[in-house]
Amino acid sequence: MRRSPPGPEPAVVFDCDGVLLDSEAAWTRAETRLFSRYGKTYGAEAKRLLIGGSLPETGRALEGLLDRRRSANALITELVALAAEEFAGRLDPMPGALDLIAELRGRRPLAVASNSHRQLVELALGGSGIGDAFDAVVASDEVPRPKPAPDLYLEACRRLGASPEATVAVEDSPRGAAAARAAGLFVIGIPYLPDLPVEADVTARSLEDPAVRAALGLPPT
């Protein structure tokens with residue numbers, strides 16, 4: 001059941017990868033390199049399986065995709081090292097991200113809730129120059145359970161001092177949207193892959209979509 005937006009000036013919690021920054025492209029490069037090490041080709045089906053997953057979840061999936069050549073923990077260690085190399089450079093912002101953050105900054109409580117570990121989140125946000133734009137940043141290794149559990153969003157709301165019912169989440173993956181809905185947030189879904197089913201209260205093409213502004217209580221441009 002789709003809900004109405006929570007009010008005129010809600011708090012906003014963004015996912016990072018694929019919502020604020022095109023770090024999904026960096027993940028794709030890292031995953032492609034990992035698959036190549038094991039003589040495998042990385043393609044669209046693997047991306048659909050891995051997108052938005054926590055690292056433990058990704059490790060278990062990689063075990064199967066790479067024919068159990070190494071353990072889940074060992075594969076995750078490899079993948080995180082490759083991702084850190086990719087994240088060390090400046091990551092491109094998603095369309096409309098910088099303008100929207102600049103408009104909201106200092107006017108609304110803002111947070112990031114990411115299924116990545118703190119190390120990668122800090123690399124991504126810091127290298128892109130928006131690390132200080134948020135009142136709170138929560139990573140998956142700081143909560144008991146990653147997405148699709150609600151823990152990340154509940155912790156982000158706690159740190160902002162905002163109730164989940166008065167907060168909007170912006171997500172690009174099914175796992176992330178499920179986490180936000182389970183926490184009680186209103187969800188804007190912007191699927192990173194065009195055919196990816198993201199269960200949201202509002203679905204948009206990008207952060208530049210007028211539907212995003214309307215859901216956030218912002219005037220039309």
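This is a predicted model: local features need pLDDT of at least 70, side-chain atom pairs count only at pLDDT 80 or more; totals for chains, interfaces and linings use all residues.
Figure 1. The peptide bond joining Lys147 to Pro148 is cis, and its omega is near 20°. Lys147 belongs to that loop as well, between strand 3 (136-139) and helix 7 (151-160).

Figure 2. Is Lys147 buried or exposed? With a relative accessible area of 1%, Lys147 is under the 20% cut-off, so Lys147 counts as buried. For Ala179, 32 residues away along the chain from Lys147, the C-alpha separation is 5.3 Å.

**Figure 3. Helix 3 and its buried residues.** Helix 3 covers residues 55-65, and its buried residues are Leu55, Thr58, Gly59, Ala61, Leu62 and Glu63. Which helices do the buried residues of helix 3 pack against? They pack against helix 1, helix 2 (44-50) and helix 4.

**Figure 4. Helix 3 crossing helix 4.** A pair of packed helices is described by the angle between the axes and by the distance between them. For helix 3 and helix 4, the angle is about 110° and the axes are 8 Å apart. These two helices are therefore roughly perpendicular to each other, and helix 3 passes helix 4 in a right-handed crossing. On the helix 3 side, the contact is made by Leu55, Thr58, Gly59, Arg60, Leu62 and Glu63. Helix 4 brings Ala72, Leu75, Ile76, Leu79 and Val80 to this contact. Sorted by class, the contact of helix 3 with helix 4 holds seven nonpolar, two polar and two charged residues.

Figure 5. How accessible is Asp67? Its relative accessibility is 48%, so Asp67 counts as partly exposed. Arg68 has a relative accessibility of 62%, so Arg68 counts as exposed.

**Figure 6. Helix 1 against helix 4.** Helix 4 (residues 72-87) also meets helix 1 (residues 23-37), and their axes come within 9 Å and cross at roughly 130°. The two helices are therefore oblique to each other, and helix 1 passes helix 4 in a right-handed crossing. From helix 1, the residues that meet helix 4 are Ser23, Ala26, Trp27, Arg29, Ala30, Glu31, Arg33, Leu34 and Arg37. Their partners in helix 4 are Leu75, Glu78, Leu79, Leu82, Ala83, Glu85, Glu86 and Phe87. By class, this contact of helix 1 with helix 4 has nine nonpolar, one polar and seven charged residues.

**Figure 7. Ala215 and its contacts.** Helix 9 (residues 210-215) includes Ala215. Ala215 has a relative accessible area of 2% and is therefore buried. Which residues is Ala215 in contact with, leaving aside its neighbours within four places in sequence? The answer is Pro5, Pro10, Val168, Phe186, Ile188 and Val202. For Ala215 and Asp92, by contrast, 123 residues in sequence go with a C-alpha to C-alpha distance of 25 Å.

**Figure 8. The whole chain as a setting for the close-ups.** The protein chain contains nine helices and six strands. Its C-alpha trace spans about 50 × 35 × 30 Å along the principal axes. A compact globule of 221 residues would have a radius of gyration near 17 Å, so the 17 Å of the protein chain agrees with that value. Of the 221 residues in the protein chain, 56% are buried. Among contacts between residues at least 6 apart in sequence, 65% join residues at least 24 apart.

Terms used: Residues are numbered from 1 along each chain as its sequence is written. Side-chain values use heavy atoms; hydrogens and water are left out. Axes are lines fitted to C-alpha atoms, for helices over the stretch in contact, and angles run from 0 to 180 degrees between N-to-C directions. Helices (H or I, at least four residues) and strands (E, at least two) are DSSP runs, numbered from the N terminus. Angles under 35 degrees count as roughly parallel, over 145 as roughly antiparallel, 65 to 115 as roughly perpendicular and the rest as oblique. A crossing is left-handed if the near helix is turned anticlockwise from the far one by less than a right angle, and right-handed if clockwise. Contact means heavy atoms within 4.5 Å. Ala, Val, Leu, Ile, Met, Phe, Trp, Tyr, Cys and Pro count as nonpolar, Asp, Glu, Lys and Arg as charged, and the others, Gly among them, as polar. The radius of gyration is taken over C-alpha atoms; the globule rule is 2.2 Å times the number of residues to the power 0.38. Buried means under 20% relative accessible area, exposed over 50%, partly exposed in between (1.4 Å probe, protein chains only).
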